[in-house]
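Let's take a friendly walk through this model, from its overall build to its sheet, a helix pair and the surroundings of its ligand. Please have a look at it first.

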Amino acid sequence: MQQKVTLSEKEMPRQWYNLAADLPSPIQPPLGPDGQPIKPEMLEAVFPGNLIEQEMSPQRWIDIPEGILEILYRWRPTPLQRAYTLEKILDTPARIYYKNESVSPPGSHKPNTAVAQAWYNKEFGIKKLTTETGAGQWGSALSFACSLLGLEAKIYMVRISFDQKPYRKTMMQTWGGKCVPSPSEETQTGRDILAKHPDTPGSLGIAISEAIEEAVSDKSGQTRYSLGSVLNHVMLHQTIIGLETKKQLEKIGVKKVDSVIGCVGGGSNFAGIAFPFIYDKINGSDIDIIPVEPQSCPTMTRAPYVYDHGDTAKMTPLMAMHSLGHGFIPPPIHAGGLRYHGVAPLISQSINDGLLTPEAIHQLECYEAAMTFARTEGIIVAPETSHAVASAIRQAKRAKEEGKEKVILFNLSGHGLMDLLGYQKYFAGELEDYALPEEDLKESLRSIENLPKPQKMSVSEV
Ligand SMILES: Cc1ncc(COP(=O)(O)O)c(C=O)c1O
């Protein structure tokens, strides 16, 4: 009974996979304020040139520089584990595998791109990075990466998470990063929002605006902004997860996976596990690929495919994505990292191309699933990750009903050891399910009514 499949450092993938090279319908370009596709120069105040190049690259395989691999070796390759005890408790004929990204020093998949981004920025001569963080995992990951590469890190942490997770701030400090609650008094965006809504829980959209404002305001030109999700280059860096997984499945002779599952905030851990399998699906494999989101922030299952900004203050270019509207402030559920109004353009386009089957799950079902997982497999997962666990359990129960020996794979994006307040509230019966009312959704979408619309091409039209 082999419980975990490991790879040696030598077996780690040497290239990332770029899904943009293979999507069936044409990529919808980001647009500038004039409604025209942006030119790379327009991003130069925000990102270094080498990452802008990667963001726009049509190349299928991109080499991972040796300097990045050397840092990733500290915890990669991560194990692929079989959830034998969970299978037994569920009495399912399905085999459940999970890729354990919680073994990184900050506790999630986020350092895969944090290290890459810090490395490329350093190569470009940048001294300081600014960013936002929702759950605190991304801020910790960037602080960790910056400390290893000798860069300064400044993190705007969504107020609600800042209050719920004080030890995340201490982690960031330990790695030398500076963390402030967002909205803050440190930027014009933050001051304007606080003047109107002094008690706001904040949102990722607001925190992104603050971090970009600080980066572009540094006249020395030595500060850039770093995003933990959504953008193409972030998805790219995460594909090492799925590429390792494929090698691990091959090692144990698993030729076919039936379901691939990941939770989605902006989409990076899902992209990491799923993009290499989307490649197989485009090339004829029959795989159910399931991105999972909270019912309270239903970007993929209820929001339209539109052009919208990635942040509240409209500083980012317009991106073609499923969006609840850039002004949307999600309810303060405990999965802070899933409280984002949009979803990565590459994932949005994959949904439109019919390659994915998105699913929305309520908070309580997710906590129940997390509890079952902790009491069978032993890992206390992050509240974000619990959405993937809940979906995997749904699939395993379905396999039992159908009497099918399915292979289910999910990404265990992070541990929840810094997220125990949510668990505590669950035990105290203080958590509730909340489905976004249709009226609130319509109201939020009104702010983006007049923005340009992406071309909606079905695969058969291409
Ligand atoms: C553990 C964990 N999983 C998932 C997410 C969601 O982000 P993404 O959709 O980019 O993977 C976060 C975000 O903070 C996270 O901390």
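With 462 residues, a compact globule would have a radius of gyration near 23 Å, and the protein chain, at 20 Å, agrees with that; the radius is taken over C-alpha atoms, and the globule rule is 2.2 Å times the number of residues to the power 0.38. This is a predicted model, in which local features need pLDDT of at least 70 and side-chain atom pairs count only at pLDDT 80 or more, while totals for chains, interfaces and linings use all residues. Residues are numbered from 1 along each chain as its sequence is written.

Along the principal axes, the C-alpha atoms of the protein chain fill a box of roughly 60 × 50 × 50 Å. Of the 462 residues, 55% count as buried (20 or more other C-beta atoms within 10 Å of a residue's own, with C-beta atoms placed from the backbone). Among contacts between residues at least 6 apart in sequence, 77% join residues at least 24 apart; a contact here has C-beta atoms, placed from the backbone, within 7 Å.

The secondary structure comes to 18 helices and 15 strands, which are DSSP runs (helices H or I, at least four residues; strands E, at least two) numbered from the N terminus. Seven strands form an open sheet with mixed pairing, in the order β1-β4-β5-β15-β10-β11-β14. Its edge strands, β1 (4–5) and β14 (359–361), each pair on one side only, where pairing takes at least two DSSP bridges between two strands. Strands β10 (residues 259–263) and β15 (residues 407–412) run parallel and are joined by three bridges; Ile261 has Phe410 in β15 as its bridge partner.

Now for a helix pair. The axes of α8 (residues 188–196) and α9 (residues 204–217) come within 8 Å and cross at roughly 145 degrees; axes are lines fitted to C-alpha atoms over the stretch in contact, and angles run from 0 to 180 degrees between N-to-C directions. In this contact, Gln188, Thr189, Gly190 and Ile193 of α8 meet Ile206, Ser209, Glu210 and Glu213 of α9.

Around the ligand there are 21 residues, the closest being Gln137, Ser229, Gly265, Gly337 and Gly414 (C-beta atom, placed from the backbone, within 6 Å). The elements giving two or more residues to this shell are α5 (137–149), α12 (268–282) and α16 (383–402). The largest share, three residues, comes from α12.

| Contact of α8 with α9 | two residues | four residues | two residues |

Technical notes. Two residues are in contact if their C-beta atoms, placed from the backbone, lie within 7 Å. Ala, Val, Leu, Ile, Met, Phe, Trp, Tyr, Cys and Pro count as nonpolar, Asp, Glu, Lys and Arg as charged, and the others, Gly among them, as polar. A residue is buried if 20 or more other C-beta atoms lie within 10 Å of its own, exposed if 12 or fewer, and partly exposed in between; C-beta atoms are placed from the backbone.
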